[in-house]
Amino acid sequence: MTLLTPYDLSGTQLTSRVVMAPMTRSRAKDTVPNASTAAYYRQRAGAGLLITEGAQITQEGQGYLFTPGIFSPEQVAGWKRVTDQVHEAGGKIFIQLWHVGRISHTSLQPNGNAPVSSVDTLAENTTCYGYTADGEPGQVQVTRPRALPAAEVARVSQDFVKAAENAILAGFDGVEIHGANGYIFEQFINGGLNTRTDAYGGSIENRLRFLLETVDMISAAIGSHRVGLRVAPFGRLSAMPAFADERETWLAAAAALSSRDLAYVHLSDQDSLCGNLMNREFVREFREVYRGTLMFAGSLTQETAQAMLDDGLVDLAAFGRPYISNPDLVDRFKRGLPLSSFDRATFYGGGDEGYIDYPPYGGHS
């Protein structure tokens with residue numbers, strides 16, 4: 001078994017075990033995917049599976065300017081152009097469903113409201129990309145959130161369901177729930193932040209409740225075989241603190257998810273983002289508890305990804321930044337070709353430069 005071996009993802013046939021990881025690119029000026037978005041994903045359709053950048057499920061869920069949504073008819077139509085292009089090129093594509101919770105700013109929120117979270121604790125020394133005091137786009141300190149009452153937690157779950165249904169309308173093969181990076185689900189799961197005293201706080205079971213309820217509701221709406229989930233155990237992004245029963249919490253999540261027959265669970269290692277390396281022994285522990293398809297992302301090379309497959313740790317390997325500058329990554333792996341370097345200056349925002357102008361090996365963009 002190699003990275004290049006086909007894989008049956010709960011009925012979705014992948015041509016390889018190489019996945020393009022979700023990556024924010026901030027090119028949707030009006031939150032609607034455009035022709036360049038479609039070109040970008042089509043160029044990379046040789047991946048076994050494409051996972052899109054995070055798409056906010058509502059305006060409330062947005063924490064960064066120029067990111068696409070999946071809640072308006074215009075956004076659904078824009079994504080339909082993307083999925084049509086990817087499928088025409090023989091690819092498979094899931095969309096990542098995103099709600100940032102407290103990692104937002106009043107300038108991005110409906111009617112200038114406060115963002116929402118598990119509690120009303122400010123994420124100190126944490127920024128998002130919104131409008132500055134002079135009305136210009138820029139990095140701004142996130143706003144203190146308001147705590148969601150229990151009835152509104154259910155409303156956010158319903159927002160995820162509607163976004164998932166929109167994704168199927170747009171032609172996606174499935175959805176990935178963004179449960180990582182300190183966004184809304186982690187804001188409930190993290191016992192160092194979540195001080196609630198209702199059914200969504202306190203015990204491990206209660207802190208996992210919002211995530212699992214949402215997973216179940218989406219699965220009921222579109223089928224569990226179309227549902228993936230990304231999590232980042234021990235994640236520290238977006239002011240996520242350490243907490244006492246962290247390992248136990250994530251292994252309890254693994255056990256609960258194992259019974260739900262999902263398309264996959266996607267472990268995200270944040271080593272390159274915040275120096276927080278996920279211990280490979282923990283990955284093995286997670287693997288022993290979670291019996292479904294397991295994907296891993298985090299500064300992988302072809303060699304380290306193959307080693308994780310060989311060790312039986314994972315089934316699928318997700319690559320992020322290499323896919324920015326190597327749209328033909330699978331072909332390069334097959335042929336032993338060198339990888340092109342990426343330009344960090346063009347990761348976020350801007351136009352087609354650094355987006356759809358990276359050529360395949362020896363070719364033209």
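**View 1. Helices H5 and H6 make a right-handed crossing.** The model shown is predicted. H5 spans residues 204–222 and H6 spans residues 246–258; the two pack at an angle of about 50°, with their axes 10 Å apart. H5 is therefore oblique to H6, since angles between 35 and 65 degrees are neither roughly parallel nor roughly perpendicular.

**View 2. Residues at the contact of H5 with H6.** From H5, the contact is made by Ile204, Arg207, Leu208 and Leu212. The residues contributed by H6 are Glu248, Thr249, Ala252, Ala253, Ala256 and Leu257. Sorted by class, seven residues of this contact are nonpolar, one is polar and two are charged.

**View 3. The buried residues of helix H9.** H9 covers residues 302–310, and its buried residues are Ala305, Gln306, Met308 and Leu309. Viewed down the axis of H9, these residues fall within an arc of 155°, so they line one face of the helix. Glu303 and Asp310 lie on the other side of H9 and are exposed.

**View 4. Surroundings of helix H9.** Gly312 follows H9 and has a positive phi, near 75°.

Methods. Residues numbered from 1 in each chain as written. Predicted model: local features only at pLDDT ≥ 70, side-chain atom pairs only at ≥ 80, totals over all residues. Heavy atoms only, no water. Buried < 20%, exposed > 50% of the residue type's maximum accessible area, 1.4 Å probe, protein only. Helix = DSSP H or I, 4+ residues; strand = E, 2+ residues; numbered from the N terminus. Arc of directions from axis to C-beta. Contact = heavy atoms within 4.5 Å. Axes fitted to C-alpha atoms, helices over the stretch in contact; angles between N-to-C directions. Parallel < 35°, antiparallel > 145°, perpendicular 65-115°, else oblique. Left-handed = near helix turned anticlockwise from the far one by under 90°. Nonpolar A, V, L, I, M, F, W, Y, C, P; charged D, E, K, R; others polar.
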